[in-house]
Structures are given as structure tokens and as C-alpha cells.
Amino acid sequence: MSQLDRHLTTEQLSALLDDQVSEGEQADTYRAHLQTCEQCQSEFAELRQMVRLLQTLPPPTLPRSFALPANISAEDIEPATTPEREQEAPLPIPLAAGRARLQARRASRQSRPLQGALRMVSGLVAVVGICFMLSSVLSTLSLPHLAFTNSAASGTSSSSQAQPGNNQNGAAKTPQPGPIHASGTRPVPTRVSGVAPNAKPAPTPLQLCSQLRQQNRLMHLRHFPFLIYVIVLFG
Amino acid sequence: MDKLARDEEEKLIARSQHGDVEAFNQLIQQYQQIMYGTVFRMLGDSDTAADVTQDAFIAAFKAIRSYRGGSSFRAWLLRIGSNQACDHWRRVQRHPTSSLDMLTNEEEPRNFSALETLILTGPEGNPEEAMLTMELQEIIQRGLRELPLEQRTAVVLYDIQGLSYEEVAQAMETNLGTVRSRLSRGRARMRTYLQQHQELLPRNYRLT
């Protein structure tokens with residue numbers, strides 16, 4: 001058995017005290033060193049004394065019973081959360097809870113004017129959005145009853161309803177295929193004017209009509225999340 | 001208090017997992033001393049410890065379905081208790097103005113003259129040498145408060161509450177090597193603290 005040429009660390013002494021020297025370590029070597037080294041002996045004795053002191057601490061007197069009230073079961077056990085989640089949840093310690101409530105109240109008081117402004121803006125957005133939606137719905141509904149030539153015109157009317165005074169009004173006056181693009185969700189007048197002359201040698205009217213219907217449907221779908229967003233904001 | 005037999009405890013746990021408060025209260029009856037003792041030693045104030053202990057039992061009841069048998073139920077409970085105590089301690093540290101003079105106890109230095117006589121006459125005259133005076137307990141309690149939370153938890157669970165290394169590892173959600181290291185560092189700090197208060201320790205507990 002080889003002797004250690006250095007003193008034992010506190011962790012080694014502490015582990016020796018608990019008989020918890022891991023297998024990789026040489027417990028016997030440590031003990032052999034301890035028998036011969038006065039400095040380590042003294043440190044070991046101090047450590048043992050201190051631990052003995054801690055072990056002899058009497059348990060504190062219970063201030064009360066911590067039994068739970070019988071009615072806690074029904075409402076409280078349902079969530080069946082894990083301990084980790086419990087630790088994240090705010091504790092029902094009166095002081096902490098009171099402080100949290102106070103902070104929440106203060107925060108809500110501070111954000112009140114901001115909330116009002118937000119509500120107004122969202123209301124406006126909602127009105128615009130609903131107008132926009134209605135126009136697109138109307139155009140979709142009108143399609144089946146119109147001939148293919150008129151359907152293009154209905155597309156223009158929808159765009160002009162949605163955004164009066166926009167450049168698209170001008171674009172809508174260009175021949176058929178142009179307004180089809182203009183009635184899409186992205187009002188890009190330059191693109192519209194660029195498309196219109198190219199589209200002059202148009203495909204067959206039947207193709208145009210089916211294209212238009214598809215685009216209208218797609219547009220309708222594109223508006224749907226926007227409508228939901230508007231409704232949520234409005235709420 | 002009689003110790004519950006293991007199978008009896010398992011039955012109570014199973015019933016508690018089905019929402020039986022009565023069964024859980026029997027478990028509380030069994031473990032409230034060690035739970036309160038742990039929280040008290042970690043926080044150092046009886047009122048706060050009582051609140052945190054109560055919350056810990058409520059949290060344990062809500063979470064008892066997540067307890068899987070086979071491991072130590074005591075360690076599982078003490079994990080919740082020690083975590084709640086740590087959370088509380090950290091919250092107090094973040095908001096030191098709010099109440100916690102009682103926890104930090106930074107008021108004027110106490111007069112230890114009476115204490116010394118108590119210590120010198122106390123344990124030696126007592127047939128139960130283990131009985132420490134209140135004042136001595138307070139010194140130890142202050143020493144514990146000086147420890148970082150992880151070291152404090154390890155020392156409280158192992159040295160004071162007498163859990164095994166495995167149970168401490170389970171309660172602290174770590175491995176044995178980490179427990180060993182936290183324990184040794186916590187002990188070393190405690191020893192330094194007590195050496196600084198050497199004169200207050202009873203003769204048979206004085207560190208050399």
C-alpha cells in the first residue's frame with residue numbers, strides 16, 4: 001500500500017468520514033495516510049466534531065399540524081402537475097402573493113391609456129378589415145351569376161370598394177386581365193400596369209373566367225386569418 | 001410516532017394519487033416533522049418555515065401522481081420542500097426590503113454572556129449529551145444561513161436529517177459525486193464559521 005505524499009483534501013476527508021470514498025479512489029491509502037499525518041488527523045477530527053454537532057441538533061417543535069383540509073381534493077388535484085411545475089407556480093405565501101397582486105394592479109394602472117389607444121386602433125382596423133372582407137365576399141358571390149366579361153369588372157369594383165382613392169382605381173380602368181391582378185391582396189399598381197399590356201393577347205375567355213374564380217377564392221382564404229385577427233383585436 | 005411499514009406507505013400513496021386527502025394526511029402525519037425540520041433549518045424562521053412547509057405539502061398533494069414508486073418517498077417529499085425553501089430564500093434575497101429581517105437577522109449583535117454560562121453548564125450536566133441549548137442552536141443556524149443554498153440543502157438533508165447519500169442525490173436531483181462535493185464544501189464552511197465562534201461552543205464540542 002503506497003503512502004500519499006500530500007495531505008488529504010477536505011472532500012476526501014469528508015467522504016472518508018461518511019465512508020463514501022468511491023471505488024476509483026484508494027480508501028485504504030487515504031486511511032493509511034490519515035494514521036500517520038497529524039495535520040490530516042486534526043482536520044479529520046474537527047470535521048467529525050462539527051458533523052456530530054449538526055447531528056445532535058434537536059428537531060424543532062412543530063408549530064401545528066400540516067394536515068390538509070378535506071375539501072382540498074376536488075378542485076386542487078385535477079391539474080396533476082409535476083413538482084417542477086409546482087415550483088414554477090407562484091406560492092400561496094401571503095407576503096409574496098400580496099406583493100405580486102400589488103405589482104399586477106400597478107402594472108394594469110400604468111397600461112390603461114395604452115390599452116385605450118390600442119382599442120381605438122384595433123377598432124379602426126376592424127372596420128377597414130370588415131369592409132375589405134365584405135367587398136371580397138360580394139365579388140365571390142357575384143361571380144357565378146356574371147358572364148366572364150363582367151366578372152373582370154366585378155373584380156375591379158371590389159378593389160375600388162376596398163380602397164377608394166387608391167391608384168388601383170386607375171389601374172382598374174385598364175382592360176380585363178389587369179384588374180384581375182389589381183383585385184388581389186397586394187395592391188401593387190406598377191406591377192398591374194406592367195401586367196396589363198402583356199396580358200392583352202389574352203387566353204380564352206373560359207380560362208380567364210376560371211382563373212378569376214380561383215384567385216377570388218384564394219383571396220378569400222387569405223383574408224380569413226386577417227378577419228380572425230381583427231375579431232380578436234376588436235374583442 | 002410509529003413508522004409506517006413500507007407496504008402500508010405504498011397503499012397510502014396509491015390512495016392519495018386517487019385524490020384521497022385522508023390518506024395523504026396520514027403521510028403528512030408521518031413526514032411533517034422531517035419536512036418542517038428541513039425547511040426550518042434552511043430558512044431559520046419558524047413562521048416562514050411553517051408557511052413554506054404547508055405550501056410544500058399542498059404542492060406535493062397536487063403532484064403526487066407524478067411520484068413513481070420504487071424510490072424514496074421521503075426524498076421525493078423533501079425535494080419539494082427544499083425546492084420551495086430555496087425558492088422562498090431567493091425571493092427574499094431579491095426583495096430584501098419586504099419582510100425578511102427575520103430571516104437575515106442582521107440586527108445588533110446579541111449579548112452572549114448569559115449564553116456562555118448556559119452552554120458551559122448545560123450539556124455536561126445533562127444526561128442526554130445531545131441536548132444543545134437554544135443559543136447554541138442559534139449559532140449553528142446562523143452558520144447554516146451563511147452557506148450557499150446547494151451546500152446548505154446537502155448539509156441539512158444529510159447531516160441534520162440523516163438521509164442517505166442516495167436520498168440526498170434524489171432530493172437534489174443530482175449524482176452522488178455532486179452530493180459529496182457539496183457536502184464537503186458546506187461542512188468546511190460551517191467549520192470555519194464555528195471556529196470563529198469557538199468560545200461559544202461547549203467544551204466537548206469545541207473544534208481544536
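User: Hi! Are B:Tyr158 and B:Tyr165 buried or exposed?

Analyst: Hi! B:Tyr158 is buried, and B:Tyr165 is buried too. Here buried means under 20% relative accessible area, exposed means over 50%, and partly exposed is in between (1.4 Å probe, protein chains only). Before we go on, this is a predicted model, where local features need pLDDT of at least 70, side-chain atom pairs count only at pLDDT 80 or more, and totals for chains, interfaces and linings use all residues. Residues are numbered from 1 along each chain as its sequence is written, chains are lettered from A and ligands numbered from 1 in the order in which they are written, and side-chain values use heavy atoms, with hydrogens and water left out.

User: Thanks! What kind of aromatic pair do B:Tyr158 and B:Tyr165 form?

Analyst: An edge-to-face one, with 4.8 Å centre to centre and 85 degrees between the planes. Rings of Phe, Tyr and Trp (its six-membered ring) pair if their centres lie within 6.5 Å; planes under 30 degrees apart count as stacked, over 60 as edge-to-face and the rest as tilted.

User: How many aromatic pairs are there over all chains?

Analyst: The count comes to nine. One of them is A:Phe66 with B:Phe57: the ring centres are 6.3 Å apart and the planes are at 35 degrees, so this pair is tilted. The pair crosses between chains, with A:Phe66 in the loop between helices H3 (38-55) and H4 (73-76) of chain A, and B:Phe57 in helix H3 (residues 46-63) of chain B. Helices (H or I, at least four residues) and strands (E, at least two) are DSSP runs, numbered from the N terminus.

User: And which residues are in the cluster with A:Phe66 and B:Phe57?

Analyst: Ring pairs link A:Phe66 and B:Phe57 with B:Tyr36 and B:Phe40. A:Phe66 is buried at a relative accessible area of 0%, and B:Phe57 counts as buried at 0%.

User: New topic, salt bridges. How many over all chains?

Analyst: There are 14 in the whole structure. A salt bridge is a side-chain nitrogen of Lys or Arg within 4 Å of a carboxyl oxygen of Asp or Glu. For instance, A:Asp18 meets B:Arg187 at 2.9 Å, N to O. A:Asp18 lies in the loop between helix H1 (10-17) and helix H2 (27-36) of chain A, while B:Arg187 is in helix H10 (residues 176-196) of chain B, so the pair joins two chains.

User: Which residue of chain B also forms a salt bridge with B:Arg187?

Analyst: B:Asp159 does, with the closest N and O atoms 2.8 Å apart. B:Asp159 sits in helix H8 (residues 149-160) and B:Arg187 in helix H10 of chain B, so this bridge ties together parts 28 residues apart in sequence. Shared partners join A:Asp18, B:Asp159 and B:Arg187 into one network. A:Asp18 and B:Arg187 are buried, and B:Asp159 is buried as well.

User: How do H3(A) and H8(B) pack?

Analyst: Their axes are 9 Å apart, at an angle of about 80 degrees. Axes are lines fitted to C-alpha atoms, for helices over the stretch in contact, and angles run from 0 to 180 degrees between N-to-C directions. H3(A) and H8(B) are therefore roughly perpendicular; angles under 35 degrees count as roughly parallel, over 145 as roughly antiparallel, 65 to 115 as roughly perpendicular and the rest as oblique.

User: Which residues meet there?

Analyst: A:Val51, A:Leu54 and A:Gln55 in H3(A) meet B:Val155, B:Asp159 and B:Ile160 in H8(B), where contact means heavy atoms within 4.5 Å.
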